[in-house]
Amino acid sequence: MKIISASRRTDIPAFYSKWFLNQIKTGFCHRLNPYNYQVYQVSLQPEDCLAITFWTRNPQPILPHLDFLTNQGYVYYFHFSINGYPQAIETNNPPLQKSIETFQNLSQKLSPNQIQWRYDPILLSDITPFSYHLEKFEFLSKQLEGYTKRCYLSFVNFYDKTERNLGKVAVENNIKFQHPSLEEKQQLTKQLRDIAKVRGIKLYSCCDDALISEGVEKAHCIDMDIIKMLRPNFKTHLKAAPTREECGCVESIDIGIYDTCGFGCQYCYATKSRNTALKRMRENNPNDTLLWRPAKLKDIDLNLKEANKKGKKFVGSSPEYIQGKLF
């Protein structure tokens, strides 16, 4: 049995719920290696899915179908990101109050244990300074009190594509973005921890062990503790499978594809260009087993392609793919 990650690479609940549900009914989908465009079949049969981890900013489209998933024997939990940044930074997110209401409704339908709040990533600038985050976090934690037990946080990683996207935002909106020191990160994290504690929410540091302290635990976003809660009779141990340095996740299979999320968050590591993402969204075929099909795979029978590979060991350049890691 495998954990299905749906998905770190894109927002499947928000934009591809129809596609996802069609593949659930089909019993499998294909995943795409983003580097060499090799495809691999992934079973979505209930007996093969240990759990489904949904990553989203708007699960509303999939909410009406959760009873179906439960009745079919699937177990699942959500990572729900709510930051509430100004529109210059989060250009197309749902209205903040709507996100809060959706979070509350989802928690009431499932349980606070099945919905994890992500205040992630933290981005410091002259329009989002320390005081902004303390005020915003205070407000959000008050709204989410009793609806979740965990909050995952990280500070933005300034990858090259992130630097480029934020550079454009800085010029167009006259914003100065900051690269906080470790001491500044630790200071803010401890203040957020104290706010969260009052609300009965524990803080988890994602991919930054230097922020771990009393009351701040290491994040395991694909988390065996949550899996054991959902499946108390599951005894098999899953291997650690970090997706990047200091990641605490166990192994999973991600079925998403980069550059397919329509939200256009300027700090996002998974989207180089929102225009590309919107184009790929338009090209999505809900009946295709691939979330998005590149031109080189057009009119290719993926099932036949997969059958031709059976019995052959994958010898690509990335051993990470075998472990189902995020690229």
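Start by selecting R57 and E90: their side chains make a polar contact at 3.4 Å. The model is a predicted one, and the tour goes on from this pair.

R57 sits in the loop that runs between β4 (49-56) and α3. The residue counts as buried because its relative accessibility is 11%, and the cut-off for buried is under 20%. Now show what R57 touches, leaving out neighbours within four places in sequence: the contacts include D11, F80, S81, N83 and E90. Also among them are N93, P94, S99, D120, F263, C265 and Y267.

**Two cis peptide bonds**

The peptide bond from D120 to P121 is cis, and its omega is near -5°. P121 belongs to strand β6 (residues 115-122).

Then go to the bond from A6 to S7, which is also cis, with omega near -5°. S7 is placed in the loop between β1 (2-6) and α1 (12-15).

**Salt bridges**

Side chains of opposite charge can pair when their charged atoms come close. The model has 13 salt bridges, counted with a cut-off of 4 Å between nitrogen and carboxyl oxygen.

Select K109 and D67, a salt bridge whose closest N and O atoms are 3.2 Å apart. This pair links distant parts of the chain, with K109 in helix α4 (residues 96-109) and D67 in helix α3 (residues 66-71), 42 residues apart.

Next, select K202 and E217. Their closest N and O atoms are 3.0 Å apart in a salt bridge. Here strands are joined: K202 is in strand β8 (residues 202-205) and E217 in strand β9 (residues 216-218), 15 residues apart. K202 is partly exposed, its relative accessible area being 36%; E217 is also partly exposed, at 34%.

Move on to D288 and R293, whose side chains meet in a salt bridge at 2.8 Å, N to O. D288 is buried, with a relative accessible area of 12%, whereas R293 counts as partly exposed at 22%. To finish with the salt bridges, select E138, E145 and R199 together: bridges that share partners join these residues into one network.

Which backbone angle stands out at E246? Its phi is positive, about 70°, although E246 is not a glycine. E246 lies in the loop between α8 (224-230) and β10 (253-254), and is partly exposed with a relative accessible area of 32%.

D299 has a positive phi as well, about 65°, and is not a glycine either. Look for D299 in the loop between α9 (274-283) and α10 (302-309). D299 is exposed because its relative accessible area is 71%, and the cut-off for exposed is over 50%.

**Last stop: confidence**

Colour the model by pLDDT. The protein averages 92, and 93% of the residues score at least 70. Then select residues 311-327, where the pLDDT is below 50. Beyond near neighbours in sequence, this stretch has 34 contacts in the model. Where pLDDT is low, the predicted coordinates should not be read in detail.

Technical notes
Residues are numbered from 1 along each chain as its sequence is written. This is a predicted model: local features need pLDDT of at least 70, side-chain atom pairs count only at pLDDT 80 or more; totals for chains, interfaces and linings use all residues. Side-chain values use heavy atoms; hydrogens and water are left out. Helices (H or I, at least four residues) and strands (E, at least two) are DSSP runs, numbered from the N terminus. Buried means under 20% relative accessible area, exposed over 50%, partly exposed in between (1.4 Å probe, protein chains only). A polar contact is a pair of N or O atoms within 3.5 Å; within protein, one must be able to donate a hydrogen and the other to accept it, and residues adjacent in sequence count only if both atoms are side-chain atoms. Contact means heavy atoms within 4.5 Å. pLDDT is the predictor's confidence in each residue, from 0 to 100.
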